[in-house]
Amino acid sequence: MIGFATRRLIQAMIVMLVVALLAFTMFRFVGDPINQMVGIETSIEEREALRERLGLNDPIPVQFLRFVTNAAQFDFGTSYQFRQPVSELFAKRIPATLELSFTSALFALVVGIPMGIYAGLNRESPVSKFFLSVSLIGISLPTFFIGILLIFLFSVTLQWLPSFGRGDTVQIGSWWTTGFLTISGLKALILPSITLGLYQMTLIMRLIRAEMLEVIRTDYIKFARARGLPDRLVNFRHALKNTLVPVITITGLQLGAIIAFATITETVFNWPGMGLMFLQAVQNVDIPIMSAYLLLTAFLFVAINFIVDILYFYIDPRLRVGRP
Amino acid sequence: MNVLDIKDLTVEFPSRKSVFVAVDDVDMSVEAGKVLGVVGESGAGKSTVGNAVIGLLQEPGHIAGGEIFLHGKRIDNLSYKEKRLLRGRKIGMIFQDPLTSLDPLQTVESQLVETIRTHLPLSAKDAQKRAVELIDSVGIPDPEERIKQYPHQFSGGMRQRVVIALALCAEPELVIADEPTTALDVSIQAQILELMKKLCEERNVAMLVITHDMGVIADITDHVAVMYHGDLVEYGETTQVLGAPKHPYTQSLISAVPRPDVKVDRFPVVNYIEKAGTPQKHIDISTHWLGKSRDYEQVAGPLVQIRDLDMRFEVRGSIFPSQRKYFQAVKKVSFDIEQGETFGVVGESGSGKSTIARLITGLYHPTGGSILFGKTELTSLTNRKDVLAMRRQMQMIFQDPFSSLNARMRVRDIIAEPIKFHKLASSNAEVRQIVDDLLDHVGLGAQAGQKFPHEFSGGQRQRISIARALATRPRFLICDEPTSALDVSIQAQILNLLKDLQQELGLTMLFISHDLAVIRQMCNRIGVMRNGELCEVSDCDELFEHPKHPYTRELLDLMPSLELLSRANLETV
């Protein structure tokens, strides 16, 4: 177990280093960083001085090492457009994105898993067929379209929910702002989280259904029935638990996708999160923000993957204990 | 009084076009402490009888007529919930494959305790105590320790003991065992059968054993019911039915069981069972493509010489050599295979028999030793052209007829592939003609080439595999358990076919099997393997009459005795 975790940790570090190299390359070689930072009227001498001060004349490996060391301390340099440290900018935006992602992931799991179980157990029932048809919509419609549809219905026509922004937020600690504690903040969360989580919900539902159908056919489920166990035990203790390994893999990856790629939803709802900031950074060629975003996204995926691998150990005893 | 009474039971499976009658008007009964065997080949409806009794018929199957009584109380018309309360409590069930019938994510203890507490009003602690006692009673050592473990930490035989313990949790009156030993080795099979018989007598339980294996029937049953295509064709005391079968189907079934006691030239095949695949058109081997240009280099002496063959697999990898762990699958094995003979390799699962086959064909590369084929050393071949030339001379027939044929290819293309690959024919028309002839020759008929593998039964698929193996005009054929997935009657046909082909084409064969009776009928010389080592090599009759190695003697003792079976009045075809 410890050996396995260490191995995975080393692999994760290698992945992070490769991503760091990419981010560094983007930062150092996509355009001249000095040109991006200074105005046209800056003289060549001043530019050279700045170049020297920023260490851009050092050998490339030294620069890369410095980049990695700084990144490890959450120092990603200064944004070109805002003239503020990138880490501060992210700190302001991260709470919004994380709260949105958390809510939509919760929505996807809480709705998707029971629907999947039901559809897997009652394959032929009309309700299952209805679920499947609905899930087709969730999978085939693009996110921005669903967002706009929801805004049209609930904000414009019915005027029940706000169409943009986070509503009122409450400051917790030095930098975290939350929308969970105010009515308007909670109301503002509903539409974006449904928009963001709909695809994941349908995916999880279909996955659970397929896995359930598979597991229900196995001998150990037949044997559990032949022992006279009540349906509740057979379905939940035996069948559901055995479907979980693939479900956790996909759910983990999808969670990463929700956090990292909330961009479209944030744009549609003008949600003040990282995705929106990233989009603006791309439009303004704000390389430090872009490379920091790249690193952050990669870190999220690697971290989630690591957690998923460790979770396997808790679910599947075949990985935990060796053979005799 | 009978524990179980089945009266006029009929089970139907309606489909869109018609109604399939799986069990047709069947009567049988079991007394307490007695074992009733239900025997038949696949599709006979024997498992359906068991499922109908326990109320687990697969949809859309249903009981269309008749009655089932447990201790005189009718149980076939109970509600779903009432049936569930019978399952486990009054009727226990044992399934075929111990590797898949336990939930891999739960400890043995939690599966036992949940079953006990479902049926008996016991506290968690008492249920635990009872679980330990049960595990002890089915002969698993260190019950307190083992019960905390997960199913994958048990061997196949031990898992089947756990399954039996689970079936006996709530002291059922009737136990249904559906092929309880089919997935197990002979030595384990003998132990499990003994355990079942013992428990049945000790606890005064009635037992219904469903099997295709005459050995199991002869070993433990008191009464036997023979089923054929849903019908009960013969029913009576085991000694009576096996010793003096009245129905022609029973007679033919018994005659098809390979004899472990005497070597016969051919397996008796009775046409009652399935239209035996006789060649529709015999090919004259002397003039046909198949018999021509067998211009292999002539060798004096043995065709295959294996010396000190070693194979180990890495079980745990590590960057430090001292940390690596290996499993030695084949240890210092040496033997010769003479030209034109059939060399048998027998042993239990995990003894390394299949590994040897794969080493010879080059699917694995040995970690030590040499394999001399004719005059060529196979382990040192590197040139791709030489390797291909060697592979053309040896072909393999695999155990599982379902996964060894590509389901997306037509049979004709499956057989033509090796001919085209090795460029053995000059034109497409010729390839086509050869494929048709091959299909005729193995008894399928040329029109079979149009179809896909899933349209054939297991035995027919194995014929396709044989035709494919012949398509390279090999001189050496490796058969890895070619018939262990087949019914006895089909097995007899396939083995006869292999014998014929060997004689016609002068093939040399390596025949791998766990079944001693089949080995005895097929082979000239036999090697016995255990844990990767070759214990004994000797002539067929010598091995069976005067075994030298203690392990060989042990294996022979474990063979189910088939003395009961009547061999009289059966003609060999």
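Okay, let's start with chain A: of its 324 residues, 35% count as buried. By buried I mean that 20 or more other C-beta atoms lie within 10 Å of the residue's own; with 12 or fewer it's exposed, in between it's partly exposed, and the C-beta atoms are placed from the backbone.

Before I go on, a word on what you're looking at. This is a predicted model, where local features need pLDDT of at least 70 and side-chain atom pairs count only at pLDDT 80 or more, while totals for chains, interfaces and linings use all residues. Residues are numbered from 1 along each chain as its sequence is written, and chains are lettered from A and ligands numbered from 1 in the order in which they are written.

So, chain A. It has 14 helices and two strands. Helices here are DSSP runs of H or I with at least four residues, strands are runs of E with at least two, and both are numbered from the N terminus. The C-alpha atoms of chain A fill a box of roughly 85 × 65 × 35 Å along the principal axes. Now take the contacts in chain A between residues at least 6 apart in sequence: 70% of them join residues at least 24 apart. A contact, by the way, needs C-beta atoms, placed from the backbone, within 7 Å of each other.

Let's look at two helix pairs. In chain A, helix 6 (residues 126–140) packs against helix 8 (residues 183–216) at about 135°, and their axes are 8 Å apart. Axes are lines fitted to C-alpha atoms, for helices over the stretch in contact, and angles run from 0 to 180 degrees between N-to-C directions. Helix 6 and helix 8 of chain A are therefore oblique to each other. For the naming, under 35 degrees is roughly parallel, over 145 is roughly antiparallel, 65 to 115 is roughly perpendicular, and the rest is oblique. Among the residues making this contact are A:Phe131 and A:Ile139 from helix 6 of chain A, and A:Leu198 and A:Met205 from helix 8 of chain A. By class, the contact of helix 6 with helix 8 of chain A has six nonpolar, three polar and one charged residues. Nonpolar covers Ala, Val, Leu, Ile, Met, Phe, Trp, Tyr, Cys and Pro; charged covers Asp, Glu, Lys and Arg; the others, Gly among them, are polar.

Now the second pair. How are helix 9 and helix 10 of chain A oriented to each other? Helix 9 (residues 219–226) and helix 10 (residues 231–260) of chain A pack at about 150°, with axes 11 Å apart, and are therefore roughly antiparallel. Where they meet, helix 9 of chain A brings A:Tyr220, A:Ile221, A:Ala224 and A:Arg225, and helix 10 of chain A brings A:Val234, A:His238 and A:Ala239. Those divide into five nonpolar, one polar and one charged.

Over to chain B, and to sheets. One open sheet of six strands in chain B has the order 6-7-8-3-9-10, with mixed pairing. Pairing means that DSSP finds at least two bridges between two strands. Strand 6 (91–94) and strand 10 (231–237) of chain B are at the edges with a single partner strand each, so one side of each has no neighbour in the sheet. Inside that sheet, strand 3 (residues 35–39) and strand 8 (residues 206–211) of chain B pair in the parallel sense over five bridges, and B:Gly37 stands opposite B:Val209 of strand 8.

Another open sheet of six strands in chain B goes 16-17-18-13-19-20, again with mixed pairing. Its edge strands are strand 16 (394–397) and strand 20 (533–539) of chain B. The twist averages 15° from one strand to the next.

Have a look at strand 13 (residues 342–346) of chain B: five of its five residues are buried. On one side sit B:Thr342, B:Gly344 and B:Val346, on the other B:Phe343 and B:Val345. Strand 13 of chain B runs parallel to strand 18 (residues 508–513), with five bridges, and B:Val345 has B:Ile512 as its bridge partner there. With strand 19 (residues 525–530) of chain B, strand 13 pairs in the parallel sense over four bridges, and B:Val346 is partnered with B:Val528.

Last stop: where the chains touch. The contact takes 24 residues from chain B and 23 from chain A. On the chain B side, the largest share, four residues, comes from helix 3 of chain B. By class, that side has 10 nonpolar, eight polar and six charged residues.

Definitions and conventions: Contact = placed C-beta atoms within 7 Å.
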